[in-house]
Amino acid sequence: MILTDTHTHLYSEAFDSDRNLVIEKAMELGVKRFFIPAIDSSYTKAMLDLEKAYPENIFLMTGLHPTHVKEDYKKELAHVEELLASRKFYAVGETGIDLYWDKTFLKEQQIAFKQQIQWAKKYAYPIVIHCREGFDEIFQILEEEKSDGLFGIFHCFTGTFEQAQKAISYNMKLGIGGVVTFKNGKIDTFLSEIDLKHVVLETDSPYLAPVPYRGKRNESAYLVNVLEKMAHIYSMDKEEVAAITTANSQQVFGA
């Protein structure tokens with residue numbers, strides 16, 4: 001059984017004391033593929049070092065996270081553009097709209113999101129979308145940018161059934177992680193109505209640990225808890241869910 005964690009921040013400071021152990025533990029449980037989203041330029045070196053340490057297992061993205069869109073966002077975007085021109089990546093992201101903490105830079109977030117979508121199209125890469133209290137704003141931009149060249153993952157999907165259908169209509173897979181195990185997560189109530197071909201699995205570690213680890217540091221090994229819940233929701237064997245969702249990730253990322 002090969003599992004794919006389509007969204008994990010393994011370069012985060014949260015793993016500085018035991019990063020190799022965390023990766024090896026996950027690999028022993030079948031999580032062999034780790035897709036690594038960017039946040040901003042301050043993490044680029046750590047991401048490249050991680051890839052160098054595990055070249056067969058680590059797949060890098062580049063992008064500017066919406067919560068890191070600040071006054072210097074143009075400088076950060078220039079860094080992303082430079083990286084895209086310099087080497088291969090597997091996606092542009094994570095990018096999107098986050099209005100949970102602060103709405104100050106909404107306009108700049110919208111500009112940055114749109115620019116990153118256009119780069120993803122230019123390089124024929126998927127886009128990996130972060131959305132927190134920004135569905136309307138994100139769908140507006142996706143509508144403006146929709147084309148055969150627009151595809152990717154709606155990471156950490158927490159919306160409604162209708163929002164899920166809308167995301168899928170823009171060639172997006174739904175990234176499902178620890179929230180599916182939460183009692184108040186709600187997505188478990190309708191996921192079975194969505195064909196598994198539209199779903200990939202993720203942890204978003206070190207954030208959003210699934211039950212029974214909720215509130216603790218998340219890690220890629222806990223993808224097996226997400227897998228168990230998904231197998232229950234879809235009334236399938238875990239191996240089948242792992243195979244389908246890994247094939248879906250290969251379809252999106254081309255690897």
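Strand 2 and strand 3 run parallel and are joined by three bridges. The model is predicted.

**Sheet**
- Opposite Ile36 stands Leu60, a residue of strand 3.
- The open sheet has three strands in the order 1-2-3, and their pairing is parallel.
- Strand 1 and strand 3 are the edge strands, each of them pairing on one side only.
- From one strand to the next, the twist averages 20°.
- Helix 7, residues 223–234, packs on the sheet and touches strand 1 and strand 2.
- The direction of helix 7 makes about 115° with that of strand 1.

**Helix 2**
- Helix 2 spans residues 44–53, and its buried residues include Thr44, Met47, Leu50 and Glu51.

**His7**
- His7 sits in the loop that lies between strand 1 (3–5) and helix 1.
- The relative accessible area of His7 is 1%, so His7 counts as buried, the cut-off being under 20%.
- Neighbours within four places in sequence aside, His7 is in contact with Phe35, Pro37, Glu94, Val128 and His155, among others.
- The contacts of His7 also include Glu202, Thr203, Asp204 and Ser205.

**Helix 4 and helix 5**
- Two packed helices are described by the distance between their axes and the angle between them.
- For helix 4 (residues 106–123) and helix 5 (residues 135–145), the axes come within 11 Å and cross at roughly 35°.
- The crossing of helix 4 and helix 5 is right-handed.
- On the helix 4 side, the residues that meet helix 5 are Leu106, Gln110, Phe113, Lys114, Ile117, Gln118 and Lys121.
- On the helix 5 side, the residues are Glu137, Ile138, Ile141, Leu142, Glu144 and Glu145.
- By class, this contact between helix 4 and helix 5 has six nonpolar, five charged and two polar residues.

How values were computed:
Residues are numbered from 1 along each chain as its sequence is written. This is a predicted model: local features need pLDDT of at least 70, side-chain atom pairs count only at pLDDT 80 or more; totals for chains, interfaces and linings use all residues. Side-chain values use heavy atoms; hydrogens and water are left out. Buried means under 20% relative accessible area, exposed over 50%, partly exposed in between (1.4 Å probe, protein chains only). Helices (H or I, at least four residues) and strands (E, at least two) are DSSP runs, numbered from the N terminus. Contact means heavy atoms within 4.5 Å. Axes are lines fitted to C-alpha atoms, for helices over the stretch in contact, and angles run from 0 to 180 degrees between N-to-C directions. A crossing is left-handed if the near helix is turned anticlockwise from the far one by less than a right angle, and right-handed if clockwise. Ala, Val, Leu, Ile, Met, Phe, Trp, Tyr, Cys and Pro count as nonpolar, Asp, Glu, Lys and Arg as charged, and the others, Gly among them, as polar. Two strands pair if DSSP finds at least two bridges between them.
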